Amino acid sequence: MVHARFTLFSAAIAAILVGPALATNHFAGLTASNSASSSTYTCRTQAQWNQLATDAKSQGFGAIRILAFDCNALDLASSAAAAAGIKVLAGIYISGTVAAGATQINNDVQTFRAAYQKYGSGRYIGLTIGNEVNDTPANIMQKVYDVRGYLASIGVKIPVSTVHTWVMIRDNPTLCGADFVGANAQQVSIPCLNAHIQLIFLFLSAFYDGGRTSSQAGDFVFNTAVPSLKQKCPGKKVYITESGWPSRGPKFGTSAVASIADETNAIRSLNCAARGDTSVSVFAFEYDDQLWKSNDNERSFGIFGGKLNLNNVLSSC
């Protein structure tokens with residue numbers, strides 16, 4: 001009896017010391033809106049960015065991605081990332097054509113220059129010029145090269161590229177020409193309005209393929225989009241800049257169901273697939289639900305905020 005009690009006691013102590021299995025996060029980072037999760041587009045405060053970065057770090061995300069510099073987002077997100085010890089993938093958004101957005105782009109380049117000087121080169125993974133810009137590949141890449149050349153000339157050493165759909169990159173390898181490849185794998189337009197600029201966010205998501213279940217999300221990214229990108233852009237680092245699944249709203253196509261269970265399945269599938277190819281960096285989409293968007297599918301891609309048990313989701317592979 002004493003031996004049995006000692007064995008049980010030893011097992012209990014071991015369980016306390018070892019604790020639950022730690023989650024293993026194979027995502028490179030987490031994409032975040034500049035707006036808080038509210039019914040109207042409302043700029044995040046510094047405190048909210050701090051909480052976002054802390055949450056990201058606590059779940060093993062090594063970086064956050066921002067798509068635009070409105071709301072003073074670059075400075076606020078960079079400050080939060082520095083405090084949390086994570087990095088930033090910064091994005092300059094282009095509304096309309098490159099020519100139409102020239103002044104705003106140039107202003108944003110100066111904003112990035114100031115942030116680079118303030119927070120240091122080690123804070124930034126890279127800088128993207130545009131997210132699925134409505135212009136020709138030649139015009140997009142000329143602006144990328146112009147920005148890259150200017151930054152290099154003033155001592156700002158940072159990888160520079162653009163982000164487009166994986167199909168656009170596959171069919172226009174000109175878009176492979178910069179320092180890395182930034183790809184979204186499935187397109188759906190979502191208007192995002194605030195007092196400053198109009199944004200059209202386009203998602204990388206197997207959900208909008210319509211013919212995939214949530215458990216096939218990782219397979220869609222790594223066995224459909226990624227092989228095409230590697231073939232067309234040999235030797236280039238590939239970033240999958242947005243990937244996720246909604247938890248609410250109507251079914252899309254024949255197989256894509258939006259529910260909390262399906263969002264859980266998709267994030268698990270993507271995380272496990274990312275483990276299998278560490279040469280590709282995947283950014284989960286997105287930090288929190290964006291209730292100001294136009295329908296329930298678009299509003300409900302958030303993975304923080306209590307919907308998902310991320311410890312369980314991320315510990316499964």
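Select cysteine 176 and cysteine 233 to begin: the torsion about their S-S bond is about -45°, so this disulfide is left-handed. The term disulfide denotes a pair of cysteine sulfur atoms within 2.5 Å. The pair joins distant parts of the chain, 57 residues apart, with cysteine 176 in the loop between helix H6 (166-171) and strand S6 (181-184) and cysteine 233 in the loop between helix H7 (217-232) and strand S9 (238-243). Helices (H or I, at least four residues) and strands (E, at least two) are DSSP runs numbered from the N terminus. The two sulfur atoms lie 1.9 Å apart.

The model is predicted: local features need pLDDT of at least 70 and side-chain atom pairs count only at pLDDT 80 or more, while totals for chains, interfaces and linings use all residues. Residues are numbered from 1 along each chain as its sequence is written, and side-chain values use heavy atoms, with hydrogens and water left out.

Next, select cysteine 43 and cysteine 71, whose sulfur atoms are 2.1 Å apart in a disulfide. Cysteine 43 occupies the loop between strand S1 (29-31) and helix H2 (46-58), and cysteine 71 the loop between strand S2 (63-65) and helix H3 (73-84). Cysteine 43 is partly exposed at 33% relative accessible area, whereas cysteine 71 is buried at 12%; buried means under 20%, exposed over 50% and partly exposed in between (1.4 Å probe, protein chains only).

Finally, select cysteine 272 and cysteine 317, joined S to S at 2.4 Å. Cysteine 272 lies in helix H8 (residues 260-276), and cysteine 317 in the segment after helix H10 (310-314). The torsion about this S-S bond is -110°, a left-handed link.
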